[in-house]
Amino acid sequence: MRIDIALWVSLSLVSAFTSVRAQDMAKGEKLFQTCIQCHGDKGMGLAEKNAPRIAGQFDWYIASSLAEFKNGTRKNPDMLPYIKGLSQQDFADLAAYISKL
């Protein structure tokens, strides 16, 4: 019984200090429709748009790259109009979808 209580307390503490929301793949797919014009419908990139393959990249890499484009750490003026209105959760949803392509 003590182990059950200790486990419950531990899990409660972890969840209290974790603010990670589950990614919404359906929302990510919907958000990806804007990306298709440069990255292609399968995320393989389009040479004529100078857009790289993003399909299959790690979700954390995609989300962090999007955040860096938005905050100006990474420079890509072509990306900014498409992502400037997106939230961190949007980035997570989008990254979850793209990483599975």
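Student: Is His 39 buried or exposed?
Tutor: His 39 is buried, at a relative accessible area of 9%. Buried here means under 20% relative accessible area, exposed means over 50%, and partly exposed is in between (1.4 Å probe, protein chains only).

Student: Thanks! What sort of model is this, and how is it numbered?
Tutor: It is a predicted model, where local features need pLDDT of at least 70 and side-chain atom pairs count only at pLDDT 80 or more, while totals for chains, interfaces and linings use all residues. Residues are numbered from 1 along each chain as its sequence is written, and side-chain values use heavy atoms, with hydrogens and water left out.

Student: Back to His 39, then. Where does His 39 lie, and which residues does His 39 touch?
Tutor: His 39 belongs to helix 3 (residues 36–39). Helices (H or I, at least four residues) and strands (E, at least two) are DSSP runs, numbered from the N terminus. Not counting residues up to four places away in sequence, His 39 touches Met 44, Gly 45, Leu 46, Ala 51, Pro 52, Ile 54 and Met 79. Contact means heavy atoms within 4.5 Å.

Student: How many helices and strands are in the chain?
Tutor: The chain has six helices and zero strands. Of its 101 residues, 30% are buried.

Student: What about the largest pocket: which residues lie nearest its centre?
Tutor: His 39 comes up again there, together with Ile 54, Leu 66, Phe 69 and Met 79, out of 27 lining residues. The volume of this pocket is about 630 Å³.

Student: And how is a pocket defined?
Tutor: On a 1 Å grid over the protein atoms alone, a pocket is an open set of points where a 1.4 Å probe fits, with protein on both sides within 12 Å along at least five of seven lines; lining residues have an atom within 4 Å of a point. Grid points are joined across faces, edges and corners, and the volume is the space filled by probe spheres set on the points.

Student: Which helix gives the most to that lining?
Tutor: Helix 4 does, with five residues.

Student: New topic: which residues of helix 2 are buried?
Tutor: In helix 2 (residues 25–32), Gly 28, Leu 31 and Phe 32 are buried. They line one face of the helix, because seen down the axis they fall within an arc of 100°, taken from the directions from the helix axis to the C-beta atoms. Ala 26 and Lys 30, on the other side of helix 2, are exposed.

Student: What do the buried ones pack against?
Tutor: The buried residues of helix 2 pack against helix 3 and helix 6 (88–99).

Student: Which residues have the most contacts inside the largest nonpolar core?
Tutor: Phe 32, Leu 66, Ile 83, Leu 86, Phe 91, Leu 94 and Ile 98 do, in a core of 16 residues. A nonpolar core is a set of buried Ala, Val, Leu, Ile, Met, Phe, Trp, Tyr and Cys residues joined through side-chain atoms within 4.5 Å. The largest share of this core, five residues, comes from helix 6.

Student: Last one: where is Ala 55, and what is Ala 55 in contact with?
Tutor: Ala 55 sits in the loop between helix 3 and helix 4, and counts as buried at 5% relative accessibility. Leaving aside neighbours within four places in sequence, Ala 55 contacts Lys 42, Gly 43, Met 44, Ile 98 and Leu 101. The C-alpha atoms of Ala 55 and Met 44 are separated by 5.9 Å, with the two residues 11 apart along the chain.
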